[in-house]
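The following exercises concern a single protein model and are to be worked with its coordinates at hand. Each task is followed by a stepwise solution.

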Amino acid sequence: MEKAIRGYEYFREKLLPKYREFYALLAQGQNPDTFFIRCSDSRVCLWKLLGIEPGDGFIAGNPGNIVTPWNTVLGGDQAAIEYAVKVLKVRHIVVFGHTCCGAMNALINGPESVKEQLPALSNMLCMCRTDHMHPLVLAAGDPEKAQNALTELHVKQQMLNLDTYPFVAAARATGDLQVHGWIFKIADAEVNRYDASTDSFVHLI
Ligand SMILES: [Zn+2]
């Protein structure tokens, strides 16, 4: 918290003089072309990693970058998906997962494993439709490889979950919207993207 207050002080004193016009323009409206559905994890910083500045991205976040299927929850991130696609008419949605994810840890042990302590997260993990007993995960071997395999499956499944939203599927069908799956490998500071042609994750650039 202290860091945030100091950061704000620095912003007001040192940066704002250069950015006054920029913020005045921002007040006139937003027109981001990309909607990020990211994990809440503090290590996933879109600004630092991708240079996403104010006005560049519409952002929703929850533990595990979960996209609950259409009509399973009314509110929360479903509202963000509605707004991004129907009102802002974003051209891209990025499901943005990452390695070393606490939610993926919980999922790999099964949603029941956290039900008592974290009932809301457990419920979200039940709804995310990722098969944590998938053969690829079970065959991965050591825990780190299993978690990485699960993270990839999970991001792909959340992309599929987006298609359960009729307005997402409709916008994709007309080519007005593309859905992407990205994974931030924290230790390497590297972003990989899902490549449908090879059904694998490859370096973003
Ligand atoms: Zn996470």
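**Exercise 1.** Which residues lie nearest the centre of the largest pocket, and how many residues line the largest pocket?

*Solution.* The model is predicted: local features need pLDDT of at least 70, side-chain atom pairs count only at pLDDT 80 or more, and totals for chains, interfaces and linings use all residues. Residues are numbered from 1 along each chain as its sequence is written, and side-chain values use heavy atoms, without hydrogens and water.

Step 1. A pocket is an open set of points on a 1 Å grid over the protein atoms alone, where a 1.4 Å probe fits, with protein on both sides within 12 Å along at least five of seven lines; lining residues have an atom within 4 Å of a point.

Step 2. The lining of the largest pocket comprises 14 residues, and Gly-7, Phe-11, Leu-15, Tyr-23 and Trp-47 lie nearest its centre.

Step 3. Helix H1 (2-26) supplies the largest share of this lining, 9 residues.

**Exercise 2.** Identify the atoms that coordinate the zinc ion.

*Solution.* Step 1. Donors are N, O and S atoms within 2.8 Å of the metal (3.2 Å for Na, K and Ca); water is not among the atoms, so sites may look incomplete.

Step 2. Cys-39 (SG), His-98 (NE2) and Cys-101 (SG) coordinate the zinc ion at 2.0 to 2.2 Å.

Step 3. Along the chain, these donors follow the spacing C-x58-H-x2-C.

Step 4. Cys-39 belongs to strand S1 and Cys-101 to the loop between S3 and helix H4 (102-108), so the pair ties together parts that are 62 residues apart in sequence.

Step 5. Both Cys-39 and Cys-101 are buried (under 20% relative accessible area, 1.4 Å probe, protein chains only).

How values were computed:
Helices (H or I, at least four residues) and strands (E, at least two) are DSSP runs, numbered from the N terminus. Buried means under 20% relative accessible area, exposed over 50%, partly exposed in between (1.4 Å probe, protein chains only).
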